[in-house]
Amino acid sequence: MLRFIQQILLRVQGDTLKLLILAGVLLLAWGTLAPVGTLIWWLQEGAEILGLKNPDQTKKLTPDVNPSSGDTRSAKINCYIVFLPGVGDFSANQLTPGEEFFLDRLEQLHSNCVTVRNVFPYSAANESLGGQRFLSPLWRAVNEADGWLKNADVLIKIRNLWRFAISADERYGSVYNQGIATAVVDRMNAAYPISRSQPPLKLILIGTSGGAQVSLGAVSYLENWLNAKLIVVSVGGSFDGNTGFETVDHVYHLQGDRDWVEDVARFLFASRWPITVASPFNQARQQGRYTVVSSGPHAHDGPEGYFGTAPVEGKKTSYVELTVQKVNQLPIWSEN
């Protein structure tokens, strides 16, 4: 192993090695500063939203609003589907055509459900990267880059991966995940007014890539704020084995045959190793609250990913249609 490392260093010696070292230093510095935005949100808005700054003016997270009697769906709505996208997203409004198709189809198949599509899981304030941020010009330039510069979108992925890490971090995760939970409730109520007078709602959080981790991070707070059954559907998602598993009613993890990215988290987080039998993840698995579902020949992303629109070889269906079929077969759609 030592000889192998020496060979690598010899090959990247000189300017290349210096560049790699500089990139590593920048990456570590970026990660060190990543929680700052979360703490600023908490100081400016979080405490006020949760009623800690002015208890007499506590903002209701679950307003008792009855839907308009003119809405023909009002008597049937008892389910919300909240979609949290992957780490490559620039904003909450940047869903791919495949993701839009996926959510449209679920809403068509389940008329008692409302889809929520505008939660950005990589900002505690639910603010896109092009919003009022110090680095917003950089993010906009990266997002709009074309040609060979398109590869610069890796910066967005790295930036969002740090937010994934914050959600799983015991020091900052509680603040960050409260912000996401607040955004979820706010967007749910905007999509269709939440009424506390109804029987328990069904809240299905569908997260892909890092969105699965943030979904699990939010469930502990959603349980306190909503009268709802909480289900997380991980579509090739990555997550640690601690966050949310003690609270969530059930987690379904869809795994593609060609998706190696989601395997990384299984090795990275010790709480997901079989030997850590007391971890929340392994406890949920033993209790039957965690289910792995093979989704088929999916890659992690791209035309042949879970939301890819390319046709599946040998079948008269696309990859995203296959994902719809698999999710629709989950035992989560009964209205009872």
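Buried means under 20% relative accessible area, exposed over 50%, and partly exposed in between, with a 1.4 Å probe and protein chains only. Helices (H or I, at least four residues) and strands (E, at least two) are DSSP runs, numbered from the N terminus. The model is predicted: local features need pLDDT of at least 70, side-chain atom pairs count only at pLDDT 80 or more, and totals for chains, interfaces and linings use all residues. Residues are numbered from 1 along each chain as its sequence is written, and side-chain values use heavy atoms, with hydrogens and water left out.

The protein chain has eleven helices and six strands. Of its 336 residues, 48% are buried. Contact means heavy atoms within 4.5 Å. Among contacts between residues at least 6 apart in sequence, 70% join residues at least 24 apart.

The six strands form an open sheet. Their order is S2-S1-S3-S4-S5-S6, and the pairing is parallel. Two strands pair if DSSP finds at least two bridges between them. S2 and strand S6 (290-296) stand at the edges, each with a single partner strand, so one side of each has no neighbour in the sheet. Neighbouring strands are turned by 20 degrees against each other on average, direction ignored.

Strand S1 was examined in detail. Both of its faces are covered. Cys79, Ile81 and Phe83 are buried on one side, and Tyr80, Val82 and Leu84 are buried on the other. Six of the six residues of S1 are buried, so the strand is largely enclosed by the rest of the structure. Four bridges join S1 to S2, where Cys113 is the bridge partner of Cys79. Six bridges join S1 to S3, where Leu205 is the bridge partner of Val82. Further along the sheet, five bridges join S4 to strand S5 (residues 250-256). Here Val232 has Val251 of S5 as its bridge partner.

Helix H11 (residues 319-328) packs on the sheet and touches S4, S5 and S6. Its direction makes about 150 degrees with that of S6. Angles run from 0 to 180 degrees between N-to-C directions, and axes are lines fitted to C-alpha atoms, for helices over the stretch in contact. The buried residues of H11 are Tyr319, Val320, Leu322, Thr323, Val324 and Val327. Their cover includes helix H4 (97-109), S4, S5 and S6.

A nonpolar core is a set of buried Ala, Val, Leu, Ile, Met, Phe, Trp, Tyr and Cys residues joined through side-chain atoms within 4.5 Å. The largest one has 44 residues. Those with the most contacts inside it are Tyr80, Val82, Met188, Leu203, Leu205 and Leu222. Elements that each supply at least two of its residues include strand S1 (79-84), strand S3 (201-208) and helix H10 (280-286). The largest share, eight residues, comes from H8. Leaving aside neighbours within four places in sequence, the contacts of Tyr80 include Val114, Met188, Pro193 and Leu203. Another core, of 24 residues, lies apart; among them are Cys79, Leu103, Cys113 and Leu254.

Helix H6 (residues 154-168) and helix H7 (residues 173-191) pack at an angle of about 110 degrees, with their axes 6 Å apart. The two helices are therefore roughly perpendicular to each other (angles under 35 degrees count as roughly parallel, over 145 as roughly antiparallel, 65 to 115 as roughly perpendicular and the rest as oblique). Arg163, Ile166 and Ser167 of H6 meet Gly173, Tyr176 and Asn177 of H7 in this contact.
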